[in-house]
Amino acid sequence: MTSAPDVPHAADLLREVLGHRLLTPADAGFPDAVRLWNGAPGATPALVARVRDADEVALAVRVARRCHLPLSARAGGHDWAGRALREGGLVVDLTALRRVDLDPGTGVVTVGGGATAADVLAALRPYDRVVPTGVVRAVGMAGLTLAGGYGPLCGRFGLALDNLLGAEVVLADGRRVTADPHHERELYWALRGGGGKLGMVTALRYRTHRLTTVLAGMLLFPPGQAGAVLRGYGATVRDAPDELTVMAGFLPGPAGEPVVFLAPFHTGDPAAGEAAVDRLRALGTPLVDQVAPLAYEDALRLFDGGMADGNHYLLRTRWLARVDEPVVAVLTAAAAAVSSPWSAIALHHFHGAAARVGLAETAFGLRGDHLLAEIIAVWTPGDDPAPHRAWAERTSGALAPHALPGGYPNLLAPEETDRVRLAYGPNWDRLCRATRRYDPHRVFSAVPTLPPASHDGHPVDR
């Protein structure tokens, strides 16, 4: 029998150390502490622990386990499903752990568990160094990395997780351990793709790469050219060099109509980059052409504000082997039928360095060239969510016959556990064993990307 949560006792234990940094729903700072990027109504935790260091994280984990409180971590707050909050639970707020330290001699950067991509890139910029990130600078690096980390540098430098050299982790029993190739090697393997299910990460160490500028930006084309542009995009990404990674899809246009976009990032020879971008420009007649040599951080700023905090969001995801005629037809039809002027579709390009990592080297379950289709339904507070949810579900369903099994665990809905199993492929059983080893009592259950597992590694119905 599961013991009832003892919130008063947990509050007493935590307040002894945290003082005013322990928040309850009665405190004035509580609403800000539980505000997430997705403004859709979510869970209301009982306590928020604003920790300052790894020792306080360990304390919070021990208290949550002792007092039987559901536990979650909040850093960037960009998980669309709101899994940073658990009803009646304890939130470990990591946002104060944002220190970023570069060792110029080795090129290794140590990043606090609450740091965002913006924090990391700003600290590395004076040294002309980068780590692979996603396209949204406000996203927390830990959450991005632990499940994968698609981004514009994927072809050249791999996923974010491919650059993770080690991590400091608080385990379910409150112990602090180092996970890297020499310590807790199985935990290190599982962290790279397994998501936030094995411990609470307080610091990460990354390999950095020297990169002064990228040829990058945004090309926007009118809706009537969407078919031709997407067909040309599909041909481009089939044989793109490592140095060229290109996003595509549909974004809200100036009058609310969806416009097709291409977002190239070229990190190689400038002449080769200009030639590649010219080929993309020639796929249609751009309404907007913002491609130019930029610092990587500045190139990502072009995506700032594309998705406003406080709107309501629902995401669906599909893995696609290619952008061929049937996929183009689905995407253009979805754009024409979009239910909201704020909704979007994004295709993330996986190839090059990321595709050359062996499948068994990390927990991440798909290493062949592919596209990640991100279907983003957006509506304003007070609007009826039904038509927007229906649009996202229809689009995902229409892509399903053309999709690879599984999907990106960071974006799958909490109830899509069947697709999560497929997403990890042959790594599933090993990941289940690691989860049982490091968290046998399921203390870290806020991110349900790994259902409860039996001793043979298969999901248990509950």
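I worked from a predicted model, and my search of the whole structure for cavities of 30 Å³ or more returned two.

Entry on the second largest cavity. I noted a volume of about 30 Å³ for this cavity, and I listed its lining as Phe250, Pro258, Ala334, Ala335, Val338, Ser343, Ala344, Ile345 and Trp391. I then looked up which elements give two or more residues to this lining, and found α11 (325-336) and β19. By class, I sorted the lining of the second largest cavity into eight nonpolar residues, one polar and no charged.

Entry on the largest cavity. I recorded about 40 Å³ of space here, with a lining made up of Val135, Tyr150, Gly151, Pro152, Thr245, Met247, His348 and His349. Strands β14 (244-252) and β19 (344-350) each supply at least two residues of that lining. My sorting of the lining of the largest cavity gave four nonpolar and four polar residues, with no charged ones.

Entry on arginine 318. I located this residue in strand β18 (residues 312-320), and I asked which side chain of opposite charge is nearest to it. That side chain belongs to glutamate 416, 5.7 Å away, and arginine 318, although buried, has no salt bridge; the cut-off I applied for a salt bridge is 4 Å, from a side-chain nitrogen of Lys or Arg to a carboxyl oxygen of Asp or Glu. I also found a polar contact of 3.0 Å between the side chains of arginine 318 and serine 396.

Note on methods. Residues are numbered from 1 along each chain as its sequence is written. This is a predicted model: local features need pLDDT of at least 70, side-chain atom pairs count only at pLDDT 80 or more; totals for chains, interfaces and linings use all residues. Side-chain values use heavy atoms; hydrogens and water are left out. On a 1 Å grid over the protein atoms alone, a cavity is a set of points where a 1.4 Å probe fits but cannot get out, and a pocket is an open set with protein on both sides within 12 Å along at least five of seven lines; lining residues have an atom within 4 Å of a point. Grid points are joined across faces, edges and corners, and a volume is the space filled by probe spheres set on the points. Helices (H or I, at least four residues) and strands (E, at least two) are DSSP runs, numbered from the N terminus. Ala, Val, Leu, Ile, Met, Phe, Trp, Tyr, Cys and Pro count as nonpolar, Asp, Glu, Lys and Arg as charged, and the others, Gly among them, as polar. Buried means under 20% relative accessible area, exposed over 50%, partly exposed in between (1.4 Å probe, protein chains only). Lys and Arg count as positive and Asp and Glu as negative; His and the chain ends are not counted. A polar contact is a pair of N or O atoms within 3.5 Å; within protein, one must be able to donate a hydrogen and the other to accept it, and residues adjacent in sequence count only if both atoms are side-chain atoms.
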